[in-house]
There are 4 protein chains.
Amino acid sequence: MISAMILIAGFTLRGNAQNRNADVYEYPEIVGEFYRHYLTVPDIEGYETLKCDFHVHTVFSDGKVWPDQRVNEAWNEGLDVIAITDHIEYRPHKDIVKSDFNKSFEIAKKRGDQIGMIVIKGSEITRSKPLGHLNALFLQDANKLDVPNELDAIDEAVKQGAYILWNHPGWPNDTSTLYPVHKELIAKNKLHGVEVFNGWESYPKVMDWCNEYRLAPFANTDIHSTSANMYREKFQRPMTLVFAKERSEEGVKEALFAGRTVACFHHHLMGKETFLKEIIQRSLAVRVIDKEKNLIEVHNQSDISHQIRYGKYPYPIALHPNQVFRLNLPSGTDVTFTNCFTGQDKCLVTDIW
Amino acid sequence: MISAMILIAGFTLRGNAQNRNADVYEYPEIVGEFYRHYLTVPDIEGYETLKCDFHVHTVFSDGKVWPDQRVNEAWNEGLDVIAITDHIEYRPHKDIVKSDFNKSFEIAKKRGDQIGMIVIKGSEITRSKPLGHLNALFLQDANKLDVPNELDAIDEAVKQGAYILWNHPGWPNDTSTLYPVHKELIAKNKLHGVEVFNGWESYPKVMDWCNEYRLAPFANTDIHSTSANMYREKFQRPMTLVFAKERSEEGVKEALFAGRTVACFHHHLMGKETFLKEIIQRSLAVRVIDKEKNLIEVHNQSDISHQIRYGKYPYPIALHPNQVFRLNLPSGTDVTFTNCFTGQDKCLVTDIW
Amino acid sequence: MISAMILIAGFTLRGNAQNRNADVYEYPEIVGEFYRHYLTVPDIEGYETLKCDFHVHTVFSDGKVWPDQRVNEAWNEGLDVIAITDHIEYRPHKDIVKSDFNKSFEIAKKRGDQIGMIVIKGSEITRSKPLGHLNALFLQDANKLDVPNELDAIDEAVKQGAYILWNHPGWPNDTSTLYPVHKELIAKNKLHGVEVFNGWESYPKVMDWCNEYRLAPFANTDIHSTSANMYREKFQRPMTLVFAKERSEEGVKEALFAGRTVACFHHHLMGKETFLKEIIQRSLAVRVIDKEKNLIEVHNQSDISHQIRYGKYPYPIALHPNQVFRLNLPSGTDVTFTNCFTGQDKCLVTDIW
Amino acid sequence: MISAMILIAGFTLRGNAQNRNADVYEYPEIVGEFYRHYLTVPDIEGYETLKCDFHVHTVFSDGKVWPDQRVNEAWNEGLDVIAITDHIEYRPHKDIVKSDFNKSFEIAKKRGDQIGMIVIKGSEITRSKPLGHLNALFLQDANKLDVPNELDAIDEAVKQGAYILWNHPGWPNDTSTLYPVHKELIAKNKLHGVEVFNGWESYPKVMDWCNEYRLAPFANTDIHSTSANMYREKFQRPMTLVFAKERSEEGVKEALFAGRTVACFHHHLMGKETFLKEIIQRSLAVRVIDKEKNLIEVHNQSDISHQIRYGKYPYPIALHPNQVFRLNLPSGTDVTFTNCFTGQDKCLVTDIW
C-alpha cells in the first residue's frame with residue numbers, strides 16, 4: 001500500500017501535475033494570471049521611472065477587450081499605468097454595448113484599485129485632419145466631450161484640467177505635418193504632448209517638434225485587439241517612460257505637465273538628451289579589466305537592448321540585457337547609441353566611463 | 001549627398017526600423033497579427049488531426065474578449081477550430097451588452113470565414129450539480145435553450161442535432177462524480193463527451209469513465225480572460241485533438257460523434273490507447289546507429305515533449321520537440337510514456353522500434 | 001510513516017531532482033550529452049540533405065578542443081558530417097602535443113563510428129597569399145602533405161584522391177581576389193570548391209566565381225575555440241548543405257565532386273538557383289484560405305528563417321521557422337527571398353504557389 | 001548611382017549582414033566571444049558574491065579542452081573564478097600531451113590575467129575509496145603531489161597552504177559514506193570542504209555532514225567535455241557561491257577557509273541557513289498592494305528561480321527570475337523555500353515581509 005501511493009505520487013508529480021486531491025490534479029506552472037513580467041529600466045535622479053500606456057481602447061468604443069482585462073493585460077506585461085481612451089465619436093459596437101462615455105474607465109479603475117495599477121481616465125477626441133485625434137487625459141466627465149465642434153471639445157477637456165496628447169501625427173496619410181491648428185493649440189497651452197510612436201510605427205521627425213515646441217514625446221500602443229495578437233513576442237509592447245515624483249495618478253499628472261517623458265519602443269528610446277544620457281548611465285555598469293589596455297566589461301543591467309557604435313567599427317554592436325560585453329575603449333571616448341534618438345535620425349552620443 | 005543618404009539608411013534600418021517614407025518608419029518584426037504558431041502533431045491513418053477548443057466565452061456572457069478576437073487569438077495560437085459557448089443562464093454584463101444568444105457566434109463566425117478558421121456554434125447550459133455545466137455544440141438556434149428545465153434544454157439541443165459535452169466534472173467542489181443523471185443521459189445517447197482537462201486542471205479518473213461509457217475525452221480552456229492572461233507561456237493552451245476525415249465543420253462533427261478525440265494539455269495526452277500509440281509512432285523517428293549495440297537515435301518530430309521511462313532508469317527522460325535523444329534500447333522493448341494516459345494514472349506502454 | 005515517505009518524494013521530485021537512491025539524487029533534465037538539436041532542412045529530389053562542416057581544428061594544430069569532442073559538439077548541434085582539417089604548417093602547441101598529422105583524424109573517427117557521425121580526413125595546407133589556405137579532404141595520409149613546395153602539397157593531395165577547397169578568400173587582408181594561381185588550379189581540376197562563408201563573415205562576390213568557374217560554395221566554421229565561445233546563440237553555426245545520394249563518406253565525396261552544395265549561414269542560403277528554389281519549395285507549405293481574394297497561409301516547415309519581399313512592401317517580411325504567415329499574394333507572383341543569394345547581392349526570385 | 005548604393009545597403013544590411021567593405025560582410029550579431037552572461041545573485045552584507053567552479057579538467061589530464069579555453073568558457077557563462085584541477089594520477093593522453101603537472105594552470109592563468117578571471121592552481125589527488133578524490137586548491141607546485149602514498153600527497157598540499165576539498169562522495173558506488181579516514185582528516189584540519197553537488201548529481205545527506213563537521217559545501221562541474229556538451233541549456237552549470245571580502249585570489253582563499261560558501265545547482269541552493277536567508281531576503285523585493293487584504297507583489301530580482309510553499313497550497317509555486325508574483329500573504333508568515341536546502345531534505349523556512 002505504501003509503494004502504491006508513492007507510485008501514484010511519482011506518476012502524478014511527473015509532468016508537473018500536482019495533486020490537489022485524488023480527483024483533481026493541478027498544473028500550477030502554466031497558470032499565468034498571477035505573474036507579471038518585470039521590465040528593468042532604471043530610475044533617474046529624484047524620480048521613479050513609471051512604464052505607461054496612454055492610449056488604450058476597449059469594447060466600449062472599437063476595441064476588442066473588456067476594460068478590466070486591459071488592466072490585467074498591462075499588469076502581466078509590466079506596465080505601471082494605463083489610460084483608458086475610448087473614442088468619443090467612433091463607437092461601432094454601440095448597437096450592442098449600451099453605455100455612456102465614463103463607463104469603460106469605471107470598470108477598469110475598479111480593477112486597477114484591486115491590483116495596484118494606476119488607471120487614468122481619458123477619451124480620444126476623434127476628428128479628421130488637420131486636427132486629427134487627440135487624447136484628453138485626467139478627465140472628470142468624458143460625457144461632456146461629446147460636442148459638435150472639435151475645438152469646443154478640447155476646451156471642455158482643458159477646463160476639466162486635462163492633459164492633451166496628439167496621437168499618431170503620421171496616420172492615416174503617411175505624412176507627419178504640424179498644421180496651423182496644432183501650432184495655435186500649442187501657443188495657447190492646449191496641446192502638451194505628442195506620440196512619436198504609435199502601435200507599430202514611429203514618426204521620427206516629430207521628435208524635432210518636441211524639441212522646438214517643448215512637447216513631451218510619447219510611445220503608446222493604441223491597442224484595439226489583445227496585446228498578444230498585436231505584438232509577435234511578449235514585451236514588444238511600446239511604452240512611455242514617465243519620471244514621477246511618486247507612484248500615483250497625481251505623480252503621473254505632475255510629471256506629464258512638466259514634460260518628463262521618454263518614448264520607449266522595441267529597444268529604442270526617443271527623448272531629450274538629458275534623460276537618455278541618465279538612463280544610459282544608470283543602465284550600464286562598467287568594470288575595468290585592464291586600465292592600461294583600456295579593456296573593460298560593460299554590463300547592461302536594463303532590459304533594453306542597446307546598440308553602440310564606436311572606434312573602428314562601421315556598424316553598431318549590441319549590448320544585450322543582462323549580458324556583459326568586453327571591449328577596448330579609452331576612458332572618455334564618445335560612443336554613439338544608435339538606438340537612442342534625440343531628434344530625427346539624431347542619435348545620442350556620450351561616453352560611458 | 002550620397003553618403004548622407006546612406007547614413008540615414010544605416011541609421012533607420014538599424015534597430016529593425018524600416019522606412020515606409022521619410023515621415024513614417026515601420027517595425028515589421030514586432031507585428032503579430034499575421035503570424036500563427038504551427039503546433040506540429042502528426043495526422044493518423046486516414047484522418048487529419050485538428051486542434052480544437054470547444055469551450056470559449058466572450059463578453060456576451062462572462063468573458064472578457066469580443067467574439068471575433070477569440071478567433072484571432074486561437075488562430076495565432078495554432079488552433080484549427082473553436083466553439084463559441086457562452087453561458088445561457090449567466091450573463092453578468094447583460095445590462096451593458098444587449099443581445100440574443102446567437103450573436104456572439106455570428107460575430108465570431110464572420111471572422112472565422114475571413115481567415116479560414118472553423119467556428120462552431122455552441123452554448124453552455126449552466127446548471128447546478130449534480131447536472132453541472134454542459135456544452136451543446138453544433139446548435140441551430142441558441143435562443144431556444146433558454147428554458148427553465150435543464151433536461152428540456154438538453155432535449156432541445158439534441159433535437160437541433162447537438163453534440164453534448166459535460167464540462168469540468170471536478171468543479172467546483174473538487175470531486176469528480178458521475179451522478180445518476182449523467183448515467184441516464186449516457187444511456188439515452190444524450191451525453192457524448194466529457195472534459196478530462198479544463199483550464200488549468202485535469203480529472204484523471206474521468207478517463208476511466210470515458211473507457212467504460214464510451215465518452216470522448218476533451219481538453220478545453222473554458223477561457224474567460226485573454227489567453228495570455230490565463231497561460232504563463234505561449235502555447236500552454238490545452239486542446240482537444242480531433243481526427244477528422246476532412247477539415248470542415250462537418251468533418252469535426254462526424255469525428256466527435258464517432259469518438260475520435262484525444263485530450264492534449266501541457267505536453268500530456270489522454271485518450272484511447274490506439275490513438276495514443278499511433279500519435280507516438282508517427283511522432284518519433286528512429287535512426288539505428290549500431291544494431292548490435294542497440295544504439296539508436298530518437299527524433300521527436302512533434303511539438304509535444306514526451307517523457308519515457310525504460311530500462312534501468314527509475315525516472316522518466318524527456319524527448320524534447322525537434323530534438324534527438326541517443327539511447328541504448330533493444331528492438332521490441334517496452335517503453336512507458338509517462339506523459340500519455342489511457343486511464344487514471346495508467347500510462348501508455350509501447351515499443352518504439 | 002506513509003506520509004513521511006510521500007513527503008520526501010514530494011520534496012525530492014520537486015525542483016526536478018530524481019532519486020537514484022537515498023544518497024544520490026539525479027537531475028536528468030540538465031544532462032546534455034545525449035541530446036542533439038535537429039535542424040530541419042528539406043531533402044531535395046533524389047538526394048538526402050546532409051549538414052556538414054568541412055573546416056575544423058583541434059588541439060593537434062592551433063585549436064582548443066580534443067578531436068573526439070569536436071565530433072560530440074557537432075553531433076549536439078545537429079551536423080551529420082565534419083572534416084578534421086588541422087594545419088600542416090602551423091602547430092603552435094607542438095612542444096606539448098606530440099603527434100603526426102593523421103592522429104587527430106584517428107581520434108575523431110573512432111568517436112564518429114561510435115555515435116554515427118561521418119568524419120572526413122582532411123588537412124589544411126596553410127600558405128601565404130596569393131595561394132592562401134586550402135583544405136584537402138578525403139586524404140589517405142596527411143603526413144605526405146608536409147612538403148616545402150605548396151603546389152607539391154596540392155599535387156600529393158590530388159594524387160590521394162582529395163577534394164580541394166579554397167578557404168576564406170577574403171582573409172586576412174579584407175580583399176577577395178581570384179589570383180592567377182587559383183585560375184590555373186581550377187583549369188587543371190585541382191581546385192573544386194571555395195568558402196563563401198567562413199566563421200563570422202561572408203565573401204559575397206565569391207559566389208559569382210562559383211557560377212563562372214563551377215566551384216562549389218561552402219560555409220564552414222574554421223572553428224578553433226568551442227562552438228559555444230564562437231557563436232552567441234546555439235545553432236548559429238554555419239554549415240555546408242550537401243545533397244548526397246547516400247548518408248556515407250562516399251556519398252559526401254560523390255556529391256562534392258558533383259558540385260551539389262549550398263552554403264548556409266545565419267539563416268542565409270548561398271548557392272545555385274536551382275538548389276535554392278527547390279529548398280524553398282520544399283520548405284514552404286501553402287494553404288489557400290480564399291482563392292478569390294488571393295489570401296493564403298505560408299507555413300515555413302524548415303528551421304531557416306526566410307525573408308521575403310513582395311507586392312507593395314519596401315522591406316522584407318520574415319517567415320519564421322515553424323510559424324505560419326498570412327498574406328495576400330496572387331498565384332504565380334514573384335517573391336524575392338532576400339536571405340537567399342545566387343550571386344553577389346543577387347537574390348532568389350521565385351513564386352511560391 | 002545613388003539608388004544603386006542604397007539598394008546595396010538595403011540588401012546587405014538585411015539579414016543582419018554588415019558591410020566591412022565591398023568584399024567582406026560581417027555578421028556581428030552571431031559573434032559570441034566577447035559576450036558573457038551575467039548571472040544575478042545578490043551580494044550579502046559585507047561580502048561580494050563570487051561565482052566559482054573549483055573542479056575543472058583539461059586535455060592535460062582526461063579533459064577535452066585546452067586550459068585557456070576553460071577560462072573563456074567560464075567567462076562566457078558568467079563565472080568569476082575557476083580552479084584548474086587536473087588529475088595527478090590519471091593522465092590518459094600522456095603519450096601525446098607531454099608536460100608536467102603545473103603547465104595546464106600556467107596556460108589558463110595567462111588567459112585569466114588577460115580577461116580579468118581569477119584562476120586558482122589546483123590538482124585532483126585521485127585515489128580509490130575510502131579516501132576517494134580530493135582537490136587541493138591554491139597549490140604552489142603540483143609536481144610535488146605525485147607521490148605514492150595518498151596521505152603524503154595531502155600532507156604536501158597542506159604544507160603548500162592548500163585548501164582540501166573532498167570530491168563527489170557518492171561516486172562511483174552510489175553511496176555517500178563518511179569513512180574514518182575523512183573524520184581523521186577533518187579532525188586534523190586537513191579537509192575543509194566537500195561537494196554536495198558534482199556534475200549532474202547531488203548528495204543531499206552530505207549537507208548534514210557540513211553542518212556537523214563544519215565543512216563548506218561546494219557545487220562544481222568536474223567538467224571534462226565542453227560545457228555545452230555537458231549541460232542541455234546554457235547556464236545550467238552548477239557553481240559554488242563564495243562570499244568574499246574582495247574579488248581576488250586572496251579574497252577567495254580567505255572566504256573558503258572561513259567556510260563562506262553556498263552550493264548552487266539548477267536553481268537550488270544548499271548551505272547554511274544564515275546564508276540562504278540573506279540571499280533570499282536580498283533577492284526578493286516585496287511591494288504591498290493592499291495591506292488590509294495582505295495582498296503583495298514579490299519581485300524575484302535574482303536569476304535563481306525560487307519555489308515557495310505557503311498557506312493552503314499543497315505544492316510549491318515558482319518565483320521566476322525577473323518576474324513578479326502576486327499573492328495573499330500576511331506579514332510575518334512562514335514560507336517554505338522548497339529549492340533551498342539546509343540539510344538532507346530540510347528546506348529553508350522564513351518570512352519574506
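Predicted model: local features only at pLDDT ≥ 70, side-chain atom pairs only at ≥ 80, totals over all residues.

Colleague: What makes D:Asp23 and C:Lys205 a salt bridge?

Modeller: The N to O distance is 3.2 Å. The cut-off is a Lys or Arg side-chain nitrogen within 4 Å of an Asp or Glu carboxyl oxygen, so the pair qualifies.

Colleague: How many salt bridges are there between chain C and chain D?

Modeller: Four. On the side of chain C that touches chain D, helix H2 (residues 67-76) of chain C gives the most, with five residues. By class, that side has 26 nonpolar, 25 polar and 20 charged residues.

Colleague: And how much area do chain C and chain D bury between them?

Modeller: About 6300 Å², with 53% of it on carbon and sulfur atoms. In terms of contacts, 71 residues of chain C touch 71 residues of chain D.

Colleague: Why do you say that strand E2 of chain C and strand E10 of chain D pair?

Modeller: Pairing needs at least two bridges, and two join E2 (residues 25-26) of chain C to E10 (residues 201-202) of chain D, so they count as paired. The two strands run antiparallel, and C:Tyr25 stands opposite D:Ser202 in E10 of chain D.

Colleague: Next label. Why is D:Asn322 called buried?

Modeller: Its relative accessibility is 16%, and buried means under 20%, so D:Asn322 falls in that class. The residue sits in the loop between strand E18 (317-319) and strand E19 (323-328) of chain D. Among the residues that D:Asn322 touches are A:His37, A:Tyr38 and A:Asn322, along with D:His299.

Colleague: What about B:Asn322: buried or exposed?

Modeller: Buried, because 16% relative accessibility is under the 20% limit. B:Asn322 also has a positive phi, near 60 degrees, and is not a glycine.

Colleague: Last one: which peptide bond at A:Pro172 is cis?

Modeller: The one joining A:Trp171 and A:Pro172, where omega is about 5 degrees. A:Pro172 is in the loop between strand E8 (163-166) and helix H5 (180-187) of chain A.

Terms used
Residues numbered from 1 in each chain as written. Chains lettered and ligands numbered in written order. Heavy atoms only, no water. Contact = heavy atoms within 4.5 Å. Buried area = accessible area lost by both parts, 1.4 Å probe. Helix = DSSP H or I, 4+ residues; strand = E, 2+ residues; numbered from the N terminus. Nonpolar A, V, L, I, M, F, W, Y, C, P; charged D, E, K, R; others polar. Buried < 20%, exposed > 50% of the residue type's maximum accessible area, 1.4 Å probe, protein only. Lists of a residue's contacts leave out its neighbours within four places in sequence.
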